[in-house]
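Subject: The structure we talked about

Hi,

Here is the structure I promised to pass on to you. Have a look at it first, and then read my notes below.

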Amino acid sequence: MMKSLFLSLLLVSVLFMDSFCEVQGGKWKGEGTTQNLENIVIGRCYDYIRIVNPAVGEKNCSAIWEAFKKAFLNKDPCNILPEDYELFINLSLHTIPPNKSLFWENNQLLVNSFSARGRRYMGLGDTLFGFFGDFLNWCGQTNSTELDYESCPTTEECKNNAVESFWRMASITYAQQSSGVIHVLLNGSSVGGAYPDPGFFADYEIPNFQKDKISQIVIWVVDDIEGPDRDSCGTNTVKTLEDRLKTLGYDVTCTDNYKSVMLLLCLDYPDDSKCTLSSSAPAAQRGPISSDRGGSWNKLTFVSFVGFLFRFALVY
């Protein structure tokens, strides 16, 4: 009797553990789909064509959403390919103005600020197809037309996930549509170097440049205000990038700590030594002035000047 009861309990335990492991195995390590995804992306689409960049003309935002979700729903979440987003790209595609493309690595927030939502430059996130998915997460489920709001696979779990493949396709398209002077903004303080290889710029954007449409490639290597100077023009990974582009036949220039970007960064660090304006002109005031007062005046003038430039850029 006891032996039979023990075997029954053991069998139940085994079945429970199998079920538990199966449930656990079905969960991914990444965050689930962003809540209200459909409302967000359709709203972004209308925001873009009505407010952000009405020059792109009329777009069918509902059709774009349908093409977007068709790329990954009812499929293995680890078997989504860049080509699956082809219809979405075709419906959301528009012209990128010459000389306005801005590529980047490891400084997305800075690029978003510097591009001024397409007013100054047009980064990938400033195109309709990039704006559509920026900072969002999504995935589907095998044999289901529903989004998975609980978890999604990370790139470490599988490279062909819905988000990774989306940005591969978006990067390829963005590179193919770019022309004139190409700008590249890199983080000189980034661990591992300013130019990661492998990386999106190295693997999906450079190979898809249309050489006959590009007149020059301008590289800006900018350090974090409070960060170390790990990489610069002509050294380390930046030299690798310069050599690669020159070998491909491009006219390449490189500038460290490009002034316009530094001015933008200094808005958040006005007291940092890198943000101090110096002048060789003699003081215009009569009589002595304390160094503290002079330093405060320089900082005040600097912050006011940068603030004016930034507001002027946003308006125009």
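Let's start at Phe72. If you skip its neighbours within four places in sequence, Phe72 is in contact with Ile80, Tyr85, Trp138, Cys139, Gly140, Leu147 and Ala162. Keep in mind that this is a predicted model.

Phe72 also turns up in the largest nonpolar core, which has 57 residues. Phe68, Phe72, Tyr85, Trp138 and Phe209 are the ones that touch the most other members of that core. Which helix gives this core its largest share? That's helix 7 (residues 162-177), with eight residues. There is another core apart from this one, with 17 residues, including Leu185, Val222, Met262 and Cys275.

Find strand 6 (residues 214-222) next. Is it mostly covered or mostly open? Mostly covered: seven of its nine residues are buried. Strand 5 (residues 180-187) is joined to strand 6 by eight bridges, and Leu185 stands opposite Trp220 there. To get from strand 5 to strand 6, the chain passes through helix 8 (residues 200-205), in a right-handed β-α-β crossover.

Strand 6 also pairs with strand 7 (residues 252-256), through five bridges, and the two run parallel. Two spots to look for here: Ile217 stands opposite Val252, and Val221 has Asp256 as its bridge partner.

Last stop: Ser179, in the loop between helix 7 and strand 5. Why does Ser179 count as buried? Because its relative accessible area is 13%, and buried means under 20%. Leaving out the neighbours within four places in sequence, Ser179 is in contact with Pro98, Asn99, Ser101 and Lys213.

That's it from me. Happy browsing!

Methods. Residues are numbered from 1 along each chain as its sequence is written. This is a predicted model: local features need pLDDT of at least 70, side-chain atom pairs count only at pLDDT 80 or more; totals for chains, interfaces and linings use all residues. Side-chain values use heavy atoms; hydrogens and water are left out. A nonpolar core is a set of buried Ala, Val, Leu, Ile, Met, Phe, Trp, Tyr and Cys residues joined through side-chain atoms within 4.5 Å. Buried means under 20% relative accessible area, exposed over 50%, partly exposed in between (1.4 Å probe, protein chains only). Helices (H or I, at least four residues) and strands (E, at least two) are DSSP runs, numbered from the N terminus. Contact means heavy atoms within 4.5 Å. Two strands pair if DSSP finds at least two bridges between them. A crossover is right-handed if, with the strands pointing away from the viewer, the path from the first strand over the helix to the second runs clockwise.
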